Amino acid sequence: MESPHLPAEIISYILSFLHVTDRKEASLVCKSWYDACQDHCFQKNVTFKFPVSTSSLDFIRALARRPRCGLVISHLDGSSLSRQVLMEVGLHLGPRLDSLALPGSSVTEASLLGLLPHLTGLRRLDLQGLDSLFMSGAFLSKEEHRQQVQNALRNLEELDLSDLRYLSDLSFNRLTSCTPRLRSLSLAGCHISFEFDPYRGCPVGFGSSALVSLRNLLSLLQKQTSTLRSLDLSRTSITPESLRSIAQLPSLRLEDLSLRGCKELTDYSMETLCKQQSGLRTLDVRACTELTSRTVLAVATELKELRSLSLSQDWKITDKGLAELMTLPCLRSLDLSECLHVSGADLVKGLSSPQTRAQLETLSLRNCTYIRDTEMFSLTQLLGRNLRELDLTSCVCLTDLSVRAITTYLPALVVLRLGWCKEISDWGLLGMVEPTKDCEPRDKKEDNGPSFTRTFGNMGFFQPPSLPFQEKPRLVTEEDLGAFREHQEGVSLLALRGLQELDLSACFKLTDTSITQVLRFPDLQRLSLSMLPEISDDSLVSVAYHCRSLTSLALSHCPQISDQGMARALPLLHRLQHLFMACCDAVTNETLSIIALHCDRLRTLDVSMCKDITVHQVDLLQSQLPFLKKVQCRFANGADFTMVL
């Protein structure tokens, strides 16, 4: 099938509307379509990921015909094959390589030193976890090697040295002396001695051969203040005094700073940081458990250019300061997940201010259990059309009223996570009001009479009040569905037309009634329906028919999903890459045969505790699907067997 009458530019323009995986399939139709798919507009910022194998040699040679690209090569070791792979990269890609990462490898010093001098155009180098390079302490110890690497890496902008156990002052200095124009440096998880050298039993000095010292780090930062803008010290033992020393360096102007998991940091050190580094745009202080609302106030007062702030797992933070935080005009992303004392009231107060306010695009309130319908109702109205990602996982007090508010006021949402919001029912997804419920949130509870503090067990003349879980919700009838179909463009979940990720895990009240009616999103890529005991094959088939862009589907602990539903659904999900079916008791080996026929792109499969799936059939499936990398089949067929590839 050729199309000679259409210019390649026109074909490329048409193909630009396709998803990247579909464009890959289209390139196999004919030569003119293949050539159109190689257009430069499709080749920008492309990164190829592959493990070391004999077939990767031909793949690397084929990349020589492409413009600039990045590589992620895994499972490198000291074998001759690994050395040959690195030689081919240097020979065929060399100056056209933008980025290089070597995860899960134990590459030798000689192999890497043979490659780096060829990579004269490298912008990003990721050596995360490569302990084999630094274990001997001799990496770049020869002057001739340093000179060669310096000539190649003089324009390197990003260097990732995370999780290196054997990184020392000596090896750190040798490597960073070859990279004079760094913009981003990551030392997350490294053994950095900020005050005391445990090997020498004395305060930290220069030139340690066993670890990286604060003095040495300060020296590097001082040398590269003109270019360095991003620093990651997550999961290190940085002290408050050390953070203040870094923040007060003359001429240092950081824009991105990550301190995730630095548990010794205090409010005072963060206040100093905010005053000295007022140009910060991204600040990550997740799991810094000693920080309180004083830090939030300091951020709101000093960091006027802040765009992204993560306070996840900072358990001492309360609502105080959040109102002031909402007055930051540039703030676009806020993560308050697992801030257990946050109720959202001050967020509403800040967003209601007549002053210039934040235009949030991403908001995470995961595990903020004090969030109620009242706050959610106000937040959705104030956030409006700007919000694109909302995470309300485990906000257990939210009900259908919050869902109606989301679908009414947040039409631009791309990601919505409602997992473990157990009060959400079919009525909320359908955008309808259950006849027995009010349609507006209550600010205050009604007075239901006096409450008694004595137990009911020894008071036979009192009847205990009914509990929420004893009230059975009214089920949606066919008459209700008829009314919904007449007004389905209203406030149902269908209003979120651009949704790409949806998590409804453990919303136990959901049934086929709502799933079959509202889960109709052509752009939806990731969907989780795990732990919905009431959904059946009807929901699965409906989702497959209306959501054909799905790449990830979670159906774990859905006991009514069977082989019949899989046989009807999987042929429609051509893009599926990740499938989770743990504890689906009605699924058997027949489903694995269907997967082998229709899911040739599958990369992840979980069939743990599926009693009628055998390990032999899993092995057979693995041999049939070349991209299947990870298989979980623990307790499959009653056997305690785990296979992870």
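Buried means under 20% relative accessible area, exposed over 50%, and partly exposed in between, with a 1.4 Å probe and protein chains only.

**Figure 1. Overview of the predicted chain.** Of the 645 residues in the chain, 51% are buried. The secondary structure comes to 24 helices and 24 strands; these are DSSP runs numbered from the N terminus, H or I of at least four residues for helices and E of at least two for strands. The chain exposes about 30,000 Å², and carbon and sulfur atoms supply 52% of this area, computed by the Shrake-Rupley method with a 1.4 Å probe. Among contacts (heavy atoms within 4.5 Å) with a separation of 6 or more, 77% join residues 24 or more positions apart. In this predicted model, local features need pLDDT of at least 70 and side-chain atom pairs count only at pLDDT 80 or more, while totals for chains, interfaces and linings use all residues. Residues are numbered from 1 along each chain as its sequence is written, and side-chain values use heavy atoms, leaving out hydrogens and water.

**Figure 2. Helix 16 and its cover.** Helix 16 spans residues 373-383, and its buried residues are D373, E375, M376, F377, L379, T380 and L383. Their cover includes helix 15 (345-351), strand 16 (362-364), strand 17 (389-391) and helix 17 (400-409). Just after helix 16, G384 takes a positive phi of about 60°.

**Figure 3. Packing of helix 9 and helix 10.** Helix 9 (residues 169-176) packs with helix 10 (residues 214-223) at an angle of about 10°, and their axes are 10 Å apart. The two helices are therefore roughly parallel to each other, a term for angles under 35 degrees. In the contact, D169, F172, N173 and T176 of helix 9 meet N216, L217 and L220 of helix 10. The residues of this contact divide into three nonpolar, three polar and one charged.

**Figure 4. Aromatic pairs.** The structure holds six aromatic pairs, meaning rings of Phe, Tyr and Trp (its six-membered ring) with centres within 6.5 Å; planes over 60 degrees apart count as edge-to-face. F134 and F139 form an edge-to-face pair, 5.4 Å centre to centre with 75° between the planes, and both F134 and F139 are buried. The W420 and F508 rings have centres 6.0 Å apart and planes at 85°, so this pair is edge-to-face. W420 lies in the loop between strand 18 (415-417) and helix 18 (426-430) and F508 in the loop between strand 19 (501-503) and helix 20 (512-518), so the pair ties together parts 88 residues apart in sequence. W420 counts as partly exposed at 35% relative accessibility.

Definitions and conventions. Axes fitted to C-alpha atoms, helices over the stretch in contact; angles between N-to-C directions. Parallel < 35°, antiparallel > 145°, perpendicular 65-115°, else oblique. Nonpolar A, V, L, I, M, F, W, Y, C, P; charged D, E, K, R; others polar. Phe/Tyr/Trp six-rings, centres within 6.5 Å; stacked < 30°, edge-to-face > 60°.
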